[in-house]
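The following note sets out numbered points for a colleague to read beside the structure. The points begin with strand pairing and then turn to helices, cores and single residues.

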Amino acid sequence: MDWSELFFQGWSGIIRTLIVGTLAYVVLVLFVRISGKRTLAKMNAFDLVVTVALGSTLSAVLLQEAIALAEGATALGLLIALQYLVTFLSVRSKDFAKLVRSQPTLLARSGSYCSGALLDQRLTEDEVLSAVRSQGLDDLDQVEAVILESDGSLSVIPRKG
C-alpha cells in the first residue's frame with residue numbers, strides 16, 4: 001500500500017473537484033432559486049428526503065470522476081422537478097397531500113395529555129411541557145392545545161382568559 005496516495009493522488013483530481021464542484025454548486029443554487037421558496041421552507045419528511053438526496057447527488061458529482069457535470073446537473077434538476085411536481089399536486093389535491101405529508105396530531109387538550117397520540121408520535125410528556133414552557137407558560141393547565149405539526153414543530157395554543 002502506498003501511504004502517500006492516501007493523502008495526495010495528484011493535481012488532476014483536485015483541479016477537477018474545484019472546477020466541477022464550483023459549477024455543480026452554481027447549478028444547484030440556480031435550480032433551487034428557480035424552484036422557489038418552497039424548497040427552502042420548513043421541512044416536512046418529504047422535503048427532508050429531497051434535501052438529503054440533493055446533498056448526496058452534489059457530493060457524488062464532486063467526488064466521483066465517473067459522473068460528468070452534465071449527468072450531475074440532470075440528476076439535481078430531476079430531483080428538484082420531482083419535488084416541484086409533488087408540491088404542485090399536493091396543493092391542488094387533498095388526497096395527494098395526505099399521501100406525501102403527515103397530518104398534524106393533537107398531543108394535549110384543555111390541560112390534559114392525549115396519551116395515545118404521545119405514544120404514537122414517540123414523544124414524552126416532558127417534551128410537550130418543554131414546548132409549553134418555551135411559550136412562556138408554566139404548565140399544561142394554561143394550554144388549550146398542543147399540536148405536533150407536519151414539519152415536526154410543536155404549536156402551543158394558550159387558554160384565553
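1. Leucine 106 has isoleucine 147 as its bridge partner in β3. In this predicted model, the bridge partner of threonine 105 in β3 is leucine 148. Both belong to the pairing of strand β1 (residues 105–109) with β3, which is antiparallel and extends over 4 bridges.

2. Isoleucine 147 also stands opposite serine 155 in β4. Strand β3 (residues 143–148) and strand β4 (residues 154–158) run antiparallel and are joined by 5 bridges. Their hairpin has 5 residues between the strands, and in it glycine 152 adopts a positive phi near 95°.

3. On the β2 side, β1 and β2 run antiparallel and are joined by 2 bridges. Arginine 109 stands opposite serine 112 in β2. The hairpin of β1 and β2 has 2 residues between the strands. Serine 110 lies in the loop between these two strands, and its phi near 50° is a positive value in a residue other than glycine. With a relative accessible area of 37%, serine 110 is partly exposed, because the value falls between the limits of 20% for buried and 50% for exposed.

4. What is the order of the strands in the open sheet? The order is β2-β1-β3-β4, a sheet of 4 strands with antiparallel pairing. The edge strands are β2 (112–113) and β4, each of which pairs on one side only. Helix α7 (residues 125–134) lies across β1, β2, β3 and β4, and runs at about 60° to β4.

5. Which residues have the most contacts inside the largest nonpolar core? They are Leu107, Val132, Leu140, Val143, Val146 and Val156, in a core of 14 residues. Two or more residues of this core come from each of β1, α6 (115–121), α7 and β3. A second, separate core has 12 residues, including Val50, Leu54, Leu58 and Ile80.

6. Beyond its neighbours within four places in sequence, leucine 140 is in contact with Ala108, Gly111, Ser112, Tyr113, Leu129, Val132 and Val146.

7. Arginine 122 is found in the loop between α6 and α7. Its phi is near 55°, a positive value in a residue other than glycine. Arginine 122 has a relative accessible area of 71% and is therefore exposed.

8. The buried residues of α4 are Gly72, Ala73, Leu76, Ile80, Gln83, Val86, Thr87 and Ser90. Of these, Ile80 is also included in the second core.

9. Threonine 57 lies in helix α3 (residues 45–63). Is this residue buried or exposed? Threonine 57 is buried, because its relative accessible area is 17%, and the limit for buried is under 20%. Leaving aside neighbours within four places in sequence, threonine 57 is in contact with Gly72, Ala75, Leu76 and Leu79.

10. How many aromatic pairs does a search of the whole structure find? The search finds 1 aromatic pair. The ring centres of tyrosine 84 and phenylalanine 88 are 6.3 Å apart and the ring planes are at 25°, so the pair is stacked; the limit for stacking is under 30 degrees. Tyrosine 84 and phenylalanine 88 are 4 residues apart in helix α4, and are therefore separated by about one helical turn. Phenylalanine 88 is partly exposed, with a relative accessible area of 34%.

11. Phenylalanine 7 lies in helix α1 (residues 3–7). Its relative accessibility is 73%, so phenylalanine 7 counts as exposed. The C-alpha atoms of phenylalanine 7 and serine 56 are separated by 23 Å, and the two residues are 49 residues apart along the chain.

Methods
Residues are numbered from 1 along each chain as its sequence is written. This is a predicted model: local features need pLDDT of at least 70, side-chain atom pairs count only at pLDDT 80 or more; totals for chains, interfaces and linings use all residues. Side-chain values use heavy atoms; hydrogens and water are left out. Buried means under 20% relative accessible area, exposed over 50%, partly exposed in between (1.4 Å probe, protein chains only). Two strands pair if DSSP finds at least two bridges between them. Contact means heavy atoms within 4.5 Å. Axes are lines fitted to C-alpha atoms, for helices over the stretch in contact, and angles run from 0 to 180 degrees between N-to-C directions. A nonpolar core is a set of buried Ala, Val, Leu, Ile, Met, Phe, Trp, Tyr and Cys residues joined through side-chain atoms within 4.5 Å. Rings of Phe, Tyr and Trp (its six-membered ring) pair if their centres lie within 6.5 Å; planes under 30 degrees apart count as stacked, over 60 as edge-to-face and the rest as tilted.
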